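Colleague: Could you walk me through reading pockets, cavities and burial in a model?
Modeller: Gladly, let's look together.

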Amino acid sequence: MSIPAFSDIAKSSNDLLTKDFYHTASSNLEIKSKAPNGVSFNVKGKSTHDGNTAGSIEAKYKDDPSGTFFNHLLFLIRSPIDRSSNISYQALLRPGQASLLMFYRRAGLTLTQAWTTANVLDTKIEVENQLAKGLKAELLTQYLPKSNTYGAKTNLYFKQPNFHGRAFFDLFKGPTATIDAVLGHEGFLVGAEAGYDVQKAAITRYSAAIGYTVPQYSAAITATNNLSVFAASYYHKVNSDVEAGAKATWDSKAGDKVGLEVASKWRLDPTSFAKARRSYFKTGSISRLTWVLQNRLR
């Protein structure tokens, strides 16, 4: 199994406890289409229970690596070209002239532009597996025409068989950096996260987590909010039709009460399933039972 990101160490149980429940999740609408020239369009809409709505229209274009080099003739003398590299050099000799040429192989970029209902223009440029194997780099820019303000962020993702690291940099606010990393071996996971403010020269937050995951079940213990909120979660795929999970949470700054949530999912047929969740809140003995039945139309 691939090593998850730090935020996904307890993903299986968190998804079982939160997804598909109407009263705890927002309503989302997404429409995708793709033009013949490869440009993808995505229209998104979101409505929360407090009446707020938001939407965006997004266009995405991926320029795949071409691997094409320029051809030059006329007494061309060149060294063997390493086609695994994006940059190559060639020497061109002519009577009375000598030139050193540099060629750049198209690396392949993904460009995404979006315009939201808040009148925000977002642009994202991605490069994956070109700078280094397993490395993905993103540049995100944001422009607000009404206030004439800008924003820029840089994200880095690096994945190897036993490692998953991420770095997020906000270039205009702070600047700030958030870095997390997860190491894995034979199902065991250990990860940490830290936030840093460059202007203040101080660590702003830190978290840690350990976990164990196999295809049938997973367990995780996380310590977030500067190691003040602790959570233990468990997920079990009983069989192809039944899933179960639980999560206990304790906030060391809020008192001795521990919150507990349990949930289960039953697959009724290939297109329908039912989910149930019970939550024991930290205040008194209040509990809540929620059911959801979903049918996916073909």
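Colleague: How much space lies in the largest pocket?
Modeller: On a 1 Å grid over the protein atoms alone, a pocket is an open set of points with protein on both sides within 12 Å along at least five of seven lines, and lining residues have an atom within 4 Å of a point. Here the largest pocket holds about 350 Å³. Its lining counts 18 residues, with Asp122, Leu140, Thr141, Gln142 and Lys153 nearest its centre. This is a predicted model, where local features need pLDDT of at least 70, side-chain atom pairs count only at pLDDT 80 or more, and totals for chains, interfaces and linings use all residues. Residues are numbered from 1 along each chain as its sequence is written, and side-chain values use heavy atoms, leaving out hydrogens and water.

Colleague: Which strands supply at least two residues each to that lining?
Modeller: Strands are DSSP runs of E, at least two residues, numbered from the N terminus. Here they are β7 (109-116), β8 (121-128), β9 (135-144) and β10 (149-160).

Colleague: And what lines the largest cavity?
Modeller: In a cavity, a 1.4 Å probe fits but cannot get out. The largest cavity has about 30 Å³ of space, and its lining includes Ile9, Ser13 and Tyr234. Both β15 and β16 supply at least two lining residues.

Colleague: Is Glu58 buried or exposed?
Modeller: Buried means under 20% relative accessible area, exposed over 50%, partly exposed in between (1.4 Å probe, protein chains only). Glu58, in strand β3 (residues 53-63), counts as buried because its relative accessibility is 19%. Leu227, in the loop between β15 (217-224) and β16 (229-237), is partly exposed at 40%.

Methods
Helices (H or I, at least four residues) and strands (E, at least two) are DSSP runs, numbered from the N terminus. Grid points are joined across faces, edges and corners, and a volume is the space filled by probe spheres set on the points.
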